[in-house]
Amino acid sequence: MPDIRIPAPLRKLTADQEVVKIDGATVGEILTNLDAAYPGLGERICDESGQVRRFVNIFLNDEDIRFLQEKETPVKETDELSIVPAIAGG
Amino acid sequence: MSDPNRPFFSNLKCRECGRLYPKEAIHICEFDFGPLEAAYDYAAIRQSINRATVESRPRTMWRYRELLPIDGAPTVGAQVGFTPLVRADRLASALGVDELYIKNDTVNYPTLSFKDRVVSVALSRARELGFEVVACASTGNLANSVAANAASAGLKSYVLIPADLEQSKVLGSLVYGTEVIGIHGPYDQVNRLCSEIAGKYGWGFVNVNLRPYYAEGSKTQGFEIAEQLGWRLPRHTVVPMASGSLLTKIHKAYKELAEVGLLDEQPFSVHGAQAAGCSPISTALKRGVDIVKPVSKPDTIVKSLAIGTPADGYYAIRAMKETGGHAEDCTDEEVIAGIRLLAEHEGIFAETAGGVTVACAKKLIESGLIPRNESIVLSITGHGLKTSEAVAGKCGEPQLINPSLREFEALLAAEAAA
């Protein structure tokens, strides 16, 4: 099962777990299953229309999913998905 | 000093949803990941300061302390800021405009870039919050400033930078005894790593968990421009954009001056400048969209602006649109021409980002987007010696002769004949 890295501001919803394991063949499926496992996480990551929020970056291994196929990006068992706040740096 | 019972700096506030947060080392809203920003009691500030009180204070950025997010007196970088605003008549005539000024942060204290402004605030706040280790993700200038200011404050520091930065910028961090960590990858990956480190270690990352404090330091460039113009705003301000933060904070500064009664409201435009090899913000503005499409592989000599995923891109676009500003980008050749134009006409040697500002201002003037008869300030943010390899071999070579008067006169004669 792929590893999902949870950023500090969302760990209240994952009982302080930094990494959780969630099944899914695509980024979108994983986000849906993540919300089922940890209710409330979904609305923090995606807005009302289901789009990943403006200030959230999602990386599959080291690549931003916006450079891949966004939520349709396929995910393998051994992959790591990181949810990272976009506001940093500069 | 502020009355502790009625602090001027009250809270952090989410820029998206307006939720209030305590003044801690946090930088994003838990609900929508929006940026947290310092919130002030402007009515109280309005009653406490006026032009005379500001003018009576030392000539540093801290003369505007009521509008900066720390609780006590600054303990780091008390001498930073109040750099010259230079009336640039020779450059104005080269560009064909009437009234032009250079805000010259190439001589900012102590590390020769505007980043000393933000670091002074961030490290003063880091001390108030009890941090003993400070860190940053940087394209170079911020690393230099964190390293120097942390050294003078006795704080341990780590600076994380892309491994391929200019030599002077790497050396300009190492010399202060900081821990320099070069990352194999572009700045955006350094930044992402820092976000993950900041969540794991109890360090004060100036541009991650201390970002709400850090970012406010940039406002002082805007405050100083207005005061140095005799308490008025330039009609146009051209600002280089990496994350877009400086542009949004100059915009905020100009508005706050009216808010606290130091200026009457007056029209102004902020314009953004980027290098063509990494221009996600100017590209979005020119296309008329709010969505900033990230650049995965920045390719430009302007490493200090090479941020492919600009954190404040969205807000920079809003600030430009709201003020009738424009964005422009320029090639590496235009950057070098811009550096030389500024140096040859005003005697100011700017780093590559300064070349971007000059080159883009030139294009905005030539295309008529900045009218030639209105006042213009160029924000020049860092010293040219920090990126000297970018212009090495592009400014000619010295003429070599023996210590002989005959050879010297032959050389002058050859020049006169040419």
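## A tour of the two-chain model

Begin by selecting B:Cys14 and the residues it touches beyond four places in sequence: B:Arg19, B:Cys29, B:Gly34 and B:Leu36. Keep in mind as you go that this is a predicted model.

**Around B:Cys14**

Now colour strand S1 of chain B, residues 9–14, which is where B:Cys14 sits. Is B:Cys14 buried or exposed? It counts as buried, because 20 C-beta neighbours lie inside 10 Å, and 20 or more is what a buried residue needs.

Four of the five residues in S3(B) are buried, so the strand is mostly covered. S1(B) and S3(B) run antiparallel and are joined by five bridges. Look across from B:Cys14 and you will find B:Leu36 of S3(B) standing opposite.

**The parallel sheet of chain B**

Move on to four strands of chain B that make an open sheet, in the order S8-S7-S6-S9, with parallel pairing. At the edges, each pairing on one side only, are S8(B), residues 179–183, and S9(B), residues 204–205. Select S6(B), residues 133–137, together with S7(B), residues 156–162: five bridges hold this parallel pair. For one facing pair, show B:Ala135 and, opposite in S7(B), B:Tyr158. Then bring in helix H5 of chain B, residues 141–153, which packs on the sheet and touches S6(B) and S7(B). What angle do the directions of H5(B) and S7(B) make? About 170°.

**The mixed sheet of chain B**

Another open sheet in chain B has six strands, ordered S4-S5-S13-S10-S11-S12, and here the pairing is mixed. Its edge strands are S4(B), residues 85–87, and S12(B), residues 327–330. From one strand to the next, the twist averages 25°. Zoom in on S5(B), residues 100–104, beside S13(B), residues 376–380; these two pair in the parallel sense over five bridges. B:Asn104 has B:Ile380 of S13(B) as its bridge partner.

**The largest nonpolar core**

Show the largest nonpolar core next, with its 144 residues; B:Ala122, B:Val146, B:Leu305 and B:Val356 have the most contacts inside it. Which helix gives the most to this core? That is H14 of chain B, residues 352–366, with seven residues. Centre on B:Ala122 and, leaving aside neighbours within four places in sequence, list its contacts: B:Val206, B:Leu210, B:Tyr213, B:Tyr214 and B:Gly217.

**Over to chain A**

Select helix H1 of chain A, residues 27–37, and highlight its buried residues A:Val27, A:Ile30, A:Leu31 and A:Leu34. Look down the axis of H1(A): the buried residues fall within an arc of 100°, so they line one face of the helix. Among the elements covering them are S1(A), residues 3–5, H2(A), residues 41–45, S3(A), residues 56–60, and S5(A), residues 80–85.

**Where the chains meet**

Finish at the contact, which takes 21 residues from chain A and 30 residues from chain B. On the side of chain A that touches chain B, the elements giving two or more residues are S3(A) and S5(A). S3(A) gives the most, with three residues. Colour this side of chain A by residue class and you will see twelve nonpolar, three polar and six charged residues.

Definitions and conventions:
Residues are numbered from 1 along each chain as its sequence is written. Chains are lettered from A and ligands numbered from 1 in the order in which they are written. This is a predicted model: local features need pLDDT of at least 70, side-chain atom pairs count only at pLDDT 80 or more; totals for chains, interfaces and linings use all residues. A residue is buried if 20 or more other C-beta atoms lie within 10 Å of its own, exposed if 12 or fewer, and partly exposed in between; C-beta atoms are placed from the backbone. Two residues are in contact if their C-beta atoms, placed from the backbone, lie within 7 Å. The arc is that of the directions from the helix axis to the C-beta atoms. Ala, Val, Leu, Ile, Met, Phe, Trp, Tyr, Cys and Pro count as nonpolar, Asp, Glu, Lys and Arg as charged, and the others, Gly among them, as polar. A nonpolar core is a set of buried Ala, Val, Leu, Ile, Met, Phe, Trp, Tyr and Cys residues joined through C-beta atoms within 7 Å. Two strands pair if DSSP finds at least two bridges between them. Axes are lines fitted to C-alpha atoms, for helices over the stretch in contact, and angles run from 0 to 180 degrees between N-to-C directions.
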